[in-house]
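Welcome! Have a look at the structure below, then try the exercises one step at a time.

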Amino acid sequence: MLSITKLEKCPCCSSENIVKNGFTKGGNQRVLCYDCLKSRVLHRKFSYDFDFEAVRRSFLERMSLCGVTRVFLISYYQVYKELNLCFLLMPNFKTQVAKKQQVGDTLEFDELCGFCQKKKNKQWIWAAISRNTRQIVAYVIGDRSEITFRRLIRKIPIEYLKSQSYSDYWKSYAILKVKGNHEQVGKESGQTNHIERYWATLRARITRYVRKSLSFSRKLRYHHLVTKLFIIDYNQNCLSTLF
Ligand SMILES: [Zn+2]
């Protein structure tokens, strides 16, 4: 069998006296030349030109971060960098919630379990969904205590607080009884169907919420970020079907 060995040369002085010298921040192999003492990248594995909108859409269709780097041939560093940029440019959550459909609307409350880094580090996502618009009017991520639920209530727009609401029998929801128009019901009543269906969509679309899979959030920051990315995108889609 004939094999051809191609000798790599230093791009600066054309010397063959070069060795591998770690990786760049972007994941490309770096080489060091012993003659001119310069370190360079010979062959770029990861490109710098990509369509971030396509990357953003793939995050919302159950693709993991590893999957994104393999499909678009971009490094982890770039994905994190672009995600952070996307987070800065994201529209304000409150501006994406419909203002016109608030009279006679019904709210459904529920919480869903997720985790960050290990199963013991549970991150509960609490949300209130509007039955008329199917939008998430407020959400928070935290533990399963009453304190987190109070944080959620503070985030709900004041007009929605007057409307009828339903939740399951979890003890934290009992504080809403003073409001007068809140009912704690079982799943069989069908009054929390919309929020339960929403969780099914979230679990199907975001890889880190898929049960019994290897995907999970390593950093809490990106757990929050990808969740917000999904909720805002979903709210925008609901908004576009309304008007
Ligand atoms: Zn050189």
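Predicted model: local features only at pLDDT ≥ 70, side-chain atom pairs only at ≥ 80, totals over all residues.

Residues are numbered from 1 along each chain as its sequence is written.

**Exercise 1.** Find the strand partners of β5 (118-130).

Solution. Strands here are DSSP runs of E with at least two residues, and helices are runs of H or I with at least four, numbered from the N terminus. Strands pair if DSSP finds at least two bridges between them. Start with β4, which pairs with β5 in the antiparallel sense over 10 bridges; here Cys113 stands opposite Trp124. Next, β5 and β6 are also antiparallel, over 6 bridges, with Ile136 as the bridge partner of Ile129.

**Exercise 2.** Inspect the hairpins that join these strands.

Solution. Between β4 and β5 there is 1 residue, and Gln117 takes a positive phi near 70°. Between β5 and β6 there are 5 residues, and Arg134 has a positive phi near 65°.

**Exercise 3.** Locate the largest nonpolar core.

Solution. Such a core is a set of buried Ala, Val, Leu, Ile, Met, Phe, Trp, Tyr and Cys residues joined through C-beta atoms within 7 Å; buried means 20 or more other C-beta atoms within 10 Å, with C-beta atoms placed from the backbone. Of its 29 residues, Ala127, Ala128, Ile129 and Val137 touch the most other members. β5 gives the most, with 5 residues. Domain 1 (52-89) and domain 2 (93-242) both contribute, so the core lies between them; the domain bounds come from an automatic or database assignment.

How values were computed:
Contact = placed C-beta atoms within 7 Å. Buried ≥ 20, exposed ≤ 12 C-beta atoms within 10 Å, placed from the backbone.
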